[in-house]
Amino acid sequence: MKNRINAEHYIWGDACEGWRLLDDNDLAIIEERMPPGTAEVRHKHRQANQVFYVLSGTLTLEVNGVVEHLSAFDSMNVRPELLHQARNEGEEDARFLVISAPTTRGDRTPS
């Protein structure tokens, strides 16, 4: 069993957090928290297909220049080679799952 208490935890950006709930080569599941006003660097993955699933708050997801606003229980698929960026433009923390197949470790390229 994995949860935020016993999963590998890391900080990214200025104040964002991630918990590795599953970290296999063929499948990775990460729970992430983004405070208001934070964003990741625009990037793409060579192989990883990703699904973003919002648990709470609102997540803005830009994929190839198209912007979507995801609320709790919304999901969006980001296929390999698509330039994308997640940001929190809301007023509360955004919590979401990022499900990647295969893993994104070593698979990220900047914009």
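Entry 1, aromatic pairs. I count rings of Phe, Tyr and Trp (its six-membered ring) as a pair if their centres lie within 6.5 Å. I keep in mind that this is a predicted model. With that cut-off I found one aromatic pair in the structure. Its members are Phe-52 and Phe-96, with ring centres 6.2 Å apart and planes at 35 degrees. Planes under 30 degrees apart would count as stacked and over 60 as edge-to-face, so I logged this pair as tilted. I then checked where the two rings sit along the chain. Phe-52 belongs to strand β5 (residues 49-56) and Phe-96 to strand β10. The two are 44 residues apart, so I noted a link between distant parts of the chain. I also looked up accessibility: Phe-52 and Phe-96 are both buried.

I turned to Arg-4 next. Arg-4 lies over the face of Trp-19, and I read 5.7 Å from the ring centre.

How many residues does the largest nonpolar core have? I got 17. I then asked which elements give two or more residues to the core. They are β1 (8-12), β3 (28-34), β5, β6, β8 and β10. As background, I recalled that nonpolar side chains tend to be buried together in soluble globular proteins.

I took a separate look at Ala-86. Leaving out residues up to four places away in sequence, Ala-86 touches Met-34, Phe-52, Leu-59 and Leu-61, among others. The contacts of Ala-86 also include Ala-39, Glu-40 and Thr-60.

Asn-64 has a phi of about 50 degrees. I placed Asn-64 in the loop between β6 (59-63) and β7 (66-70). Its relative accessibility is 48%, so I marked Asn-64 as partly exposed. Glu-81 also has a positive phi, about 70 degrees. Glu-81 sits in the loop between β8 (75-78) and β9 (84-87). With a relative accessible area of 42%, Glu-81 is partly exposed.

Where is the cis peptide bond? I found it joining Ala-101 and Pro-102, with omega about -10 degrees. Pro-102 falls in the loop between β10 (94-101) and β11 (108-110).

Key. Residues are numbered from 1 along each chain as its sequence is written. This is a predicted model: local features need pLDDT of at least 70, side-chain atom pairs count only at pLDDT 80 or more; totals for chains, interfaces and linings use all residues. Side-chain values use heavy atoms; hydrogens and water are left out. Helices (H or I, at least four residues) and strands (E, at least two) are DSSP runs, numbered from the N terminus. Buried means under 20% relative accessible area, exposed over 50%, partly exposed in between (1.4 Å probe, protein chains only). A charge sits over a ring if NZ of Lys or CZ of Arg is within 6 Å of the ring centre and within 35 degrees of the ring normal. A nonpolar core is a set of buried Ala, Val, Leu, Ile, Met, Phe, Trp, Tyr and Cys residues joined through side-chain atoms within 4.5 Å. Contact means heavy atoms within 4.5 Å.
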